[in-house]
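Colleague: Please take me closely through the pockets of this model, and through what surrounds the ligands.

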Amino acid sequence: MTQGARHVAIIMDGNGRWAKKRLLPRVAGHKAGVEAVRTIVRAAGDMGLEALTLYAFSSENWKRPEEEVNDLMGLMKRFILSDLDEFAANDVKLKVIGNWRALAPDVVALIDNALERTSGNKRTTLAVALNYGAQDELVRAARAAAAGGAITAEAIEAHLDTADMPPLDLLIRTSGEVRLSNFLLWQSAYAELYFTDKLWPDFAPADLKAALDQFARRERRYGGL
Ligand code: IPE
Ligand code: IPE
Ligand code: MG
């Protein structure tokens, strides 16, 4: 029998198309996307999830125009600053995965502070994937495993950015695209996948609930019978 999901990850896609449909600039879609993040983080806690991992900026998103990259970084900073109190109120522990230490010094300082301020929170872990690419994560993990002497599956897993999180149960992607775009490649080995046409800014708690309900009806076999 499938247990309830402990760890859900979401590829939050479709902000640009959401804006385009409304004849708005792409940044308006990203702003609406931040609102959806707020709502879904709260809902995830209420639905009893231990961990929620959100793909916010991929290691490939640097290919976008400089203006959009700057808009995204600005929104990220404002989100972390303005939501610190909300994290405290909802007992949310922040975690950041990916090569975030390579980001601009002001962003790194902000994240360091937010990690420290939320480190004692226990109800839900919110992992934000920033400058994250799964291939990059795997290279870093393999290097660390090799430095420790043995490149085994256990050693690689122990050096993943998600090492201290529960196993990934459910991976959701919004916007109708059916690909992983370099997200959690190792962790999704036996995760259940869920794709929805909803654009990220339109993704509501009821949609998360629908995904979790479907997850509960899936039969996971891990290669066995
Ligand atoms: C997802 O929305 C947000 C990020 C990748 C940062 P997009 O910006 O990819 O939106 P679409 O795919 O162009 O609609
Ligand atoms: C994946 O979405 C990255 C994030 C949601 C942050 P993209 O929009 O960058 O993915 P592709 O380019 O469609 O594969
Ligand atoms: Mg996209």
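## Pockets and ligand shells

Modeller: The second largest pocket has a volume of about 480 Å³, where a pocket is an open set of points, on a 1 Å grid over the protein atoms alone, at which a 1.4 Å probe fits and which has protein on both sides within 12 Å along at least five of seven lines, and the volume is the space filled by probe spheres set on points joined across faces, edges and corners. This is a predicted model, in which local features need pLDDT of at least 70 and side-chain atom pairs count only at pLDDT 80 or more, while totals for chains, interfaces and linings use all residues. Residues are numbered from 1 along each chain as its sequence is written, chains are lettered from A and ligands numbered from 1 in the order in which they are written, and side-chain values use heavy atoms, with hydrogens and water left out.

The lining of that second largest pocket comprises 24 residues, and Pro167, Leu168, Asp169, Arg220 and Tyr222 are those nearest its centre; a lining residue has an atom within 4 Å of a point. By class, 13 of these lining residues are nonpolar, six polar and five charged, with Ala, Val, Leu, Ile, Met, Phe, Trp, Tyr, Cys and Pro counted as nonpolar, Asp, Glu, Lys and Arg as charged, and the others, Gly among them, as polar.

The largest pocket holds about 600 Å³ of space. It has 29 lining residues, and Met12, Asn15, Tyr55, Ala56 and Phe57 are the closest to its centre.

Among the polar contacts (pairs of N or O atoms within 3.5 Å), oxygen atoms of ligand 1 lie 2.9 Å from a side-chain N or O atom of Asp13, 2.7 Å from one in the side chain of Arg64 and 3.2 Å from a backbone N or O atom of Asn15. Ligand 1 taken alone exposes 380 Å², of which the protein buries 86%, by the Shrake-Rupley method with a 1.4 Å probe.

The space taken by ligand 2 is likewise the largest pocket. Around ligand 2 are Ile11, Met12, Asp13, Tyr55, Ala56, Phe57, Asn61, Arg64, Arg173, Arg179 and Ser181, five of them nonpolar, two polar and four charged. Strand E2 (residues 51–58) gives the most to this shell, with three residues. Oxygen atoms of ligand 2 lie 2.8 Å from a side-chain N or O atom of Arg179, 3.0 Å from one of Asn61 and 3.3 Å from a polar side-chain atom of Arg173. Taken alone, ligand 2 exposes 390 Å², and the protein buries 78% of that.

Technical notes
Near = heavy atom within 4 Å. Polar contact = N/O pair within 3.5 Å; in protein donor to acceptor, adjacent residues only side chain to side chain. Sits in = over half its atoms within 2 Å of the grid points. Helix = DSSP H or I, 4+ residues; strand = E, 2+ residues; numbered from the N terminus.
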